[in-house]
Amino acid sequence: MKKLLILIVMFVFVSAVFAESFSSAEDYTLAYFKKLNATQTKLTYMNKKGSLAKIGTETVNGNISGTLFYDVKIKGMGAVITLRYTNYCDEAGWTFDGAIITHSNMAQNGTFSGIIKVTGVSPAQVCYDNVLLAKGAPGGGFYLTTLPELPPEKIDYTLYFKSKE
């Protein structure tokens with residue numbers, strides 16, 4: 001019985017150490033953006049200077065598991081950019097699955113769509129369907145963040161820029 005009690009106490013302690021608590025969907029989304037942005041630093045094409053240099057396809061592996069697939073295809077007078085996460089994990093407790101699709105014209109204006117689901121100690125999902133692209137960055141609308149057992153919450157697109165500070 002004593003060993004069981006010790007195991008339970010250890011489990012609670014370890015859970016508390018690794019769990020991140022968020023007081024709001026906005027706090028969660030800010031942390032999400034910081035962690036998701038860090039995954040994209042591994043991409044070669046995405047981080048090149050100039051729009052045409054970004055055209056290409058590549059896949060990078062997570063430090064712990066999964067893959068991040070990047071693809072840019074020219075379509076008409078613009079491009080379709082796909083970022084697809086498959087069981088992607090760089091940091092314990094944050095595993096990403098889903099896709100972000102960007103439809104962009106030559107001026108880098110357009111729309112985002114897709115959902116990224118996060119599993120681990122901080123599960124949630126972030127929907128991009130209501131965000132506009134302006135000059136190559138989020139430029140209007142809102143993200144829809146859904147935390148467990150709570151209704152979806154609208155998060156203003158400007159929060160993305162706070163994650164870059």
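Lys35 and Glu91 join their side chains in a salt bridge, at 3.1 Å from N to O; the term covers a side-chain nitrogen of Lys or Arg within 4 Å of a carboxyl oxygen of Asp or Glu. This pair ties distant parts of the chain together, with Lys35 in helix H2 and Glu91 in strand E3, 56 residues apart. Helices (H or I, at least four residues) and strands (E, at least two) are DSSP runs, numbered from the N terminus. Lys35 counts as buried at 19% relative accessibility, while Glu91 is partly exposed at 37%. Buried here is under 20% relative accessible area, exposed is over 50%, and partly exposed is in between (1.4 Å probe, protein chains only).

A word on what you're looking at: this is a predicted model, where local features need pLDDT of at least 70 and side-chain atom pairs count only at pLDDT 80 or more, though totals for chains, interfaces and linings use all residues. Residues are numbered from 1 along each chain as its sequence is written, and side-chain values use heavy atoms, with hydrogens and water left out.

Back to the charges: the structure has three salt bridges. Asp90 pairs with Lys42 at 2.9 Å, N to O, and here too distant parts of the chain are linked, with Asp90 in strand E3 and Lys42 in the loop between H2 and E1, 48 residues apart. Asp90 is partly exposed at 22%, and Lys42 is partly exposed at 28%. Lys73 and Asp71 also form a salt bridge, at 3.4 Å from N to O. In that pair, Lys73 is partly exposed at 49%, but Asp71 is buried at 9%.

Now step inside. The largest nonpolar core has 32 residues, and Tyr32, Phe96, Tyr128 and Tyr143 have the most contacts within it. Such a core is a set of buried Ala, Val, Leu, Ile, Met, Phe, Trp, Tyr and Cys residues joined through side-chain atoms within 4.5 Å. Among the elements that give two or more residues are H2 (25-39), E3 (78-91) and E4 (94-105), with H2 giving the most, six residues. Neighbours within four places in sequence aside, Tyr32 is in contact (heavy atoms within 4.5 Å) with Trp94, Phe96, Ile116, Val118, Val126 and Tyr128.

Helix H2 also holds Thr29, which is buried at 0% relative accessible area. Leaving out residues up to four places away in sequence, Thr29 touches Thr145, Ile155 and Leu159.

Finally, look at Leu52, in the loop between H2 and strand E1 (57-61). Leu52 is exposed, with a relative accessible area of 68%.
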